[in-house]
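Here is a friendly walk through one protein model, written for someone who likes to keep the structure open while reading.

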Amino acid sequence: MRLRLLAAVQALLADESLVGVKDAPRLAAVVLYAKSRAPRGQKNDLRTSTWGAELGRWIGVKPSTVHHKVLPVLRGSGAARTRVVTDAEGHPTGLDCLVTPLWNAHHGGGAAHPLALSKAELATLLRLCEALFGHGWTPENKVPTPPGLLAGRTGKGAATDRLGLLLMVLNTRASGWLQLCGGSVKAKEGRGAATLARLLGCSPSGARKVLTRLTEAGVVTRQRKATSTRMNGRARVMLLPIARAHGRTLASVEAVQSPESVFSARPDGAVGDHAPADAAGALGTSGIGGAEGTPEPGNQERPSSAELHSDHAQVVTPVVSQQLDCGFSGEGREAEGRRPERVWVREDQAVDGKIAAAGTGSAVAEGGPLRGEKPKDSPVDERAGQRAAGAGAGGRPKAAGWEKAQQQKQKPVALPDDLRLRVALGPVSWLWKQLNGWQQNRVEEAARAELAGLEGLLAVPGGAPRLLADRLTDRLEETGGEALIRKPFGWLIGRGLVRRPSCSDRRCDDGTRLDTGGECENCGNVVHIRWARRVKTAAQIDRELPHLGDDQRRRVLEERLREQTAVEAEDHVRRREEARAEKSRRDAARAADQERAERERAASAAADAVRQALACEDCGQQQAGGLCEACGYRRRAEALIVEAGMVVATWAADLAHQGDVDAVAADVRASLAADIERARRAFLDSAPPGELDADPIGAAAVLAFGALRAVEAALPEFRSSALGRLARTEEADAEARRAYKTEQRRRWFRHNPNGADAVAAATKAADTARERTAECLLAARLEQLREQRAARTEQAAAAPWTDRLPQLAARALDGDTAGAVIA
């Protein structure tokens with residue numbers, strides 16, 4: 001059961017939705033998983049009901065932390081789905097939660113998935129959580145549930161302590177000693193902290209703090225194993241709740257494992273090759289050294305009938321299957337994968353099945369001697385795959401299909417079919433085969449993401465796979481080869497596939513330019529800048545403190561360099577915050593501009609719609625936008641006729657006499673009216689019969705446009721004629737004479753002012769001056785005429801109604817207005 005629950009909790013915490021999140025959401029996911037309903041028959045309801053305050057008491061935080069930092073994280077990462085439950089009046093009464101990895105396990109992995117626990121197994125996990133950190137209940141008319149061991153541990157770090165205690169309990173056997181990890185560890189933290197760090201996925205220093213808090217809480221004790229030389233031996237960690245639950249104490253364990261006695265005392269109830277025949281069925285002493293009472297028969301970790309012979313090493317650490325990797329000692333052994341056997345196994349069996357002599361059994365060397373002799377061949381070196389068909393003696397029966405599913409999951413899979421990935425991951429093909437299916441999928445995703453990033457940096461497409469393969473080759477050379485890599489998945493994700501820029505350039509990787517393959521110039525600049533700063537700081541120290549020794553000088557130099565680095569880091573953070581604030585300001589301004597533009601477009605569209613609904617101001621045509629097409633052409637033609645009259649009046653009339661100006665304008669209007677009439681007759685003669693009557697509005701627009709084109713064609717002639725007349729005025733002649741003489745007086749013509757070149761240049765300058773004078777006179781006189789016309793228009797507008805009514809009465813009415821008046 002312990003291994004089954006350990007596999008389930010580790011599979012839950014290893015789910016991609018919980019990777020990288022803090023310990024409070026992870027512990028909340030474990031609690032919700034333990035409280036989930038097991039599927040029954042056709043009903044597959046895996047939800048659990050709780051509320052924020054209840055979940056906060058489980059993980060040791062306040063309800064506000066649950067609602068702001070736990071549930072949003074679980075929902076955001078996809079680890080859980082929640083739904084607020086309300087009563088008939090709409091008031092919230094609870095929270096329905098569904099652990100997503102559990103749902104995926106039942107719908108994708110089947111009964112063989114580690115998370116697919118039965119109802120009894122889920123109840124056992126929940127009861128274990130209650131005993132460790134449950135907050136206690138006192139229901140009415142029921143037996144109260146006492147608080148757990150860490151119920152009083154709340155606040156900062158409480159979730160980490162509770163999760164660490166749960167993982168350590170699941171990794172501890174009935175003896176109470178925690179299974180410590182192997183390999184080299186830092187002496188400062190110790191092997192216990194290194195083991196807890198691997199369980200929690202944190203640093204050894206952080207795990208050491210957690211272990212210290214658990215020791216202060218009285219649930220963990222740490223000591224070093226005594227040796228025959230009275231020196232401190234291997235460090236050990238005991239889970240006191242486990243030891244007490246099995247009736248063991250620290251004193252009894254020390255008495256059994258003391259190195260001062262070669263042979264342990266022979267208990268009265270000993271059996272085996274030292275026991276009399278009539279005592280074969282007698283009960284032995286306690287499980288450890290006979291210091292305590294007889295354990296229960298169900299204790300599979302230490303049978304009561306075991307004979308304690310000479311002191312031996314601890315039994316072989318159970319081999320956990322690959323997907324439940326915890327980094328413990330013994331996991332790398334390529335044995336059969338079964339639970340280790342006890343010292344009493346097969347001691348009463350025949351040697352070869354033919355004689356009745358008792359054979360010897362060993363936890364390591366099966367069939368080898370138990371006392372004194374060394375085994376010739378050790379099955380530890382045997383390859384995996386020779387697993388027993390069923391659970392052995394003292395083992396736990398496994399669910400049907402579990403072992404087969406694990407073997408299929410651990411079966412090596414070749415490199416992906418994608419040619420780019422095969423090229424990129426070719427140097428680490430041996431490491432690829434050591435990964436399980438889930439790990440291979442994660443490595444493939446990371447490799448694809450890195451290839452996409454490299455393609456964006458390269459000038460020539462298609463070189464990213466070769467570049468990533470070269471990077472993996474270099475990383476393997478740094479490590480010393482594939483054989484020295486103990487954790488292939490962690491090495492590939494955290495070291496092999498990641499880019500390590502040595503400077504701020506995105507194309508830099510370990511000081512090499514990814515696009516060119518040469519050395520990164522920016523890295524050289526960074527090194528030069530740092531070295532120059534170090535030299536400058538050293539020179540300042542020599543000037544300020546000339547009498548310092550070498551050690552003191554080096555210490556002061558390092559302190560000042562650290563201060564400068566801290567200042568730069570603060571400045572970088574400040575500039576980053578300013579950039580973020582500036583970006584937020586620009587985004588807000590851009591959003592405001594877009595909103596304002598949307599409002600202006602909406603207002604313009606509304607105004608245009610209103611304008612389109614207006615009738616024509618001149619002819620009264622409906623839905624004309626205030627002015628129909630024909631009337632628009634007429635207005636433009638009228639403006640050009642007035643302009644043409646003023647152009648002619650600039651040279652043909654006395655501008656001081658308004659009557660003279662009006663007479664010239666009338667003559668021009670009559671001339672343009674004749675041109676308009678000729679254009680109108682030409683259009684009417686060319687139009688098919690009946691076409692104008694079919695569309696009178698269109699015909700009126702065409703005629704108005706023809707009149708406009710006739711006026712536009714005549715206006716340039718009037719302007720050219722006016723410029724020619726104004727060029728012969730006295731002002732133009734005087735300006736031409738001055739320009740002629742000025743050109744003759746230029747220094748390059750002084751020696752021969754009447755020569756051919758001088759006369760030609762002077763004549764050209766005179767003509768240019770005459771044209772400019774004519775244009776200036778035309779513009780000035782047109783401006784004068786426009787001002788006079790504007791003044792007369794204002795006077796006419798300000799005239800009283802008694803003077804304007806006769807003029808209005810003389811205007812002809814159109815057809816619609818005349819019909820309305822007659823009616």
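## R448 and its partner

R448 is partly exposed, its relative accessible area being 39%. Keep in mind that this is a predicted model. Which residue does the side chain of R448 meet in a salt bridge? The partner is E444, with an N to O distance of 3.0 Å.

Both R448 and E444 belong to helix 15 (residues 437-455), where they sit 4 residues apart, about one turn of the helix. An α-helix has 3.6 residues a turn, so residues three or four places apart point the same way. Side chains of opposite charge can pair when their charged atoms come close.

## Salt bridges between helices

Other charged pairs reach across the chain. E558 forms a salt bridge with R534, and their closest N and O atoms are 2.9 Å apart. This pair links distant parts of the chain, with E558 in helix 19 (residues 550-612) and R534 in helix 18 (residues 521-544), 24 residues apart.

Next, look at E643 and R786, whose side chains meet in a salt bridge at 2.8 Å, N to O. Here E643 comes from helix 20 (residues 629-652) and R786 from helix 25 (residues 756-797), so to speak a link between distant parts of the chain, 143 residues apart. R786 is partly exposed, with a relative accessible area of 35%.

Some salt bridges join up. A network of them links E450, R471, R475, E478, R495, R500, D509 and D510. How many salt bridges are there in the whole structure? A search finds 50.

## Nonpolar cores

Now for the nonpolar side. The largest nonpolar core has 69 residues, and the members that touch the most others are Y33, L74, F133 and M168. Helix 2 (residues 23-34) gives this core its largest share, 9 residues. Leaving aside residues up to four places away in sequence, M168 touches L178, L196, L199, L211, L214, V220 and L239. Apart from this core lies another, of 28 residues, with V642, V664, L782 and L785 among them.

In soluble globular proteins, nonpolar side chains tend to be buried together.

## Aromatic pairs around W58

The model holds 5 aromatic pairs. In one of them, the rings of W58 and F133 have centres 6.2 Å apart and planes at 85°, so the pair is edge-to-face. W58 lies in helix 3 (residues 52-59) and F133 in helix 6 (residues 119-133), so the pair ties together parts that are 75 residues apart in sequence. W58 is buried, with a relative accessible area of 1%, and F133 is buried too, at 0%.

W58 has another ring partner: its ring centre lies 5.6 Å from that of W137, and with the planes at 50° the pair is tilted. W137 sits in the loop between helix 6 and helix 7 (158-170), 79 residues from W58. Ring pairs link W58, F133 and W137 into a cluster.

## An enclosed helix

Why is helix 8 (residues 191-200) described as largely enclosed by the rest of the structure? Because 8 of its 10 residues are buried. They are G192, A193, A194, T195, L196, A197, L199 and L200. Just after helix 8, G201 takes a positive phi of about 75°.

## A strand hairpin

Strand 2 (residues 80-86) and strand 3 (residues 92-99) run antiparallel and are joined by 7 bridges. A80 stands opposite V99 in strand 3. The hairpin has 5 residues between the strands, and G90 takes a positive phi near 90° there.

## The whole protein

Stepping back, the protein has 27 helices and 7 strands. Of its 823 residues, 35% are buried. Among contacts between residues at least 6 apart in sequence, 55% join residues at least 24 apart. The protein exposes about 48,400 Å², and carbon and sulfur atoms supply 54% of that area.

Methods. Residues are numbered from 1 along each chain as its sequence is written. This is a predicted model: local features need pLDDT of at least 70, side-chain atom pairs count only at pLDDT 80 or more; totals for chains, interfaces and linings use all residues. Side-chain values use heavy atoms; hydrogens and water are left out. Helices (H or I, at least four residues) and strands (E, at least two) are DSSP runs, numbered from the N terminus. Buried means under 20% relative accessible area, exposed over 50%, partly exposed in between (1.4 Å probe, protein chains only). Contact means heavy atoms within 4.5 Å. Accessible areas come from the Shrake-Rupley method with a 1.4 Å probe; for residues, only the protein chains shown count as cover. Two strands pair if DSSP finds at least two bridges between them. A salt bridge is a side-chain nitrogen of Lys or Arg within 4 Å of a carboxyl oxygen of Asp or Glu. A nonpolar core is a set of buried Ala, Val, Leu, Ile, Met, Phe, Trp, Tyr and Cys residues joined through side-chain atoms within 4.5 Å. Rings of Phe, Tyr and Trp (its six-membered ring) pair if their centres lie within 6.5 Å; planes under 30 degrees apart count as stacked, over 60 as edge-to-face and the rest as tilted.
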